[in-house]
Amino acid sequence: MVSSPDVVKPGEEVSIFIGNVQAGDPFKINIIGNIKTEAGSFFSYKLQKLNLPMDIANPTLRINMNGLVPNSMLNVSVNQHKYNGGFDTADATGLYDYEIVPGAYMSKGYYDVEINGTATKTQVPVTFTVTGTNVLAESLAESTFSITGFSNGVFDVTTYVVNMEPDKFVEKKQFTVQDQLIAIK
């Protein structure tokens, strides 16, 4: 179950509850969204305090973004460690697809993921995916995170356990990140 209001402020916490996960079960969380920004502007998209409540074997973190300035530089860091060495660039179409394999094992705990780039459009589609295999059985696990670095966007959070085909998800929730400032004319 994904628990959040339909609208959250930037930085407000979103929770994902996963129950009855057995040792050895494949595990996946997708956070898919559209960041609204100004074309040509630099942005810093952050997943803050991503709490992974399970130890994960064979972990992979994947970041996919589109709508970037072609050949513009990007920086990806996890817990302030730059995984893409120096700076990578979006391809000639403005796509950036990067996969991080942080080792054979990823311990439960908190992770901060930050992606810096330059938008070519007013909406930048972004997908962040965590996959791996659960190490120890968990009767109920809660994963939390907050999204910051921009004022508006729409996100889908989907969790998959065991059967990870696209239509076999455990839970899916859509929410809007909005600064909630209302202009009155």
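The legends below describe close-up views of side-chain pairs in a predicted model.

**View 1. The aromatic pair of Tyr-45 and Phe-155.** Of the two aromatic pairs that the structure holds, this one has ring centres 6.3 Å apart and planes at 5°, so the pair is stacked. Tyr-45 belongs to strand S5 (residues 42–52) and Phe-155 to strand S15 (residues 152–161), so the contact ties together parts that are 110 residues apart in sequence. Tyr-45 counts as buried at 1% relative accessibility, and Phe-155 is likewise buried, with a relative accessible area of 0%.

**View 2. The aromatic pair of Tyr-96 and Tyr-98.** The ring centres of Tyr-96 and Tyr-98 lie 5.9 Å apart with their planes at 15°, and because planes under 30 degrees apart count as stacked, the pair is described as stacked. Both Tyr-96 and Tyr-98 are buried.

**View 3. The salt bridge between Arg-62 and Asp-97.** In this salt bridge, one of two in the count, the closest N and O atoms of Arg-62 and Asp-97 are 2.4 Å apart. The pair links distant parts of the chain, with Arg-62 in strand S6 (residues 56–65) and Asp-97 in strand S10 (residues 96–100), 35 residues apart. Arg-62 is partly exposed at 37% relative accessibility, as is Asp-97 at 38%.

**View 4. The salt bridge between Glu-138 and Lys-108.** Here the closest N and O atoms of Glu-138 and Lys-108 are 3.6 Å apart. Glu-138 sits in strand S14 (residues 138–148), whereas Lys-108 sits in the loop between strand S11 (105–106) and strand S12 (109–118), 30 residues apart. Glu-138 counts as buried at 16% relative accessibility, while Lys-108 counts as partly exposed at 43%.

Note on methods. Residues numbered from 1 in each chain as written. Predicted model: local features only at pLDDT ≥ 70, side-chain atom pairs only at ≥ 80, totals over all residues. Heavy atoms only, no water. Phe/Tyr/Trp six-rings, centres within 6.5 Å; stacked < 30°, edge-to-face > 60°. Helix = DSSP H or I, 4+ residues; strand = E, 2+ residues; numbered from the N terminus. Buried < 20%, exposed > 50% of the residue type's maximum accessible area, 1.4 Å probe, protein only. Salt bridge = Lys/Arg side-chain N within 4 Å of Asp/Glu carboxyl O.
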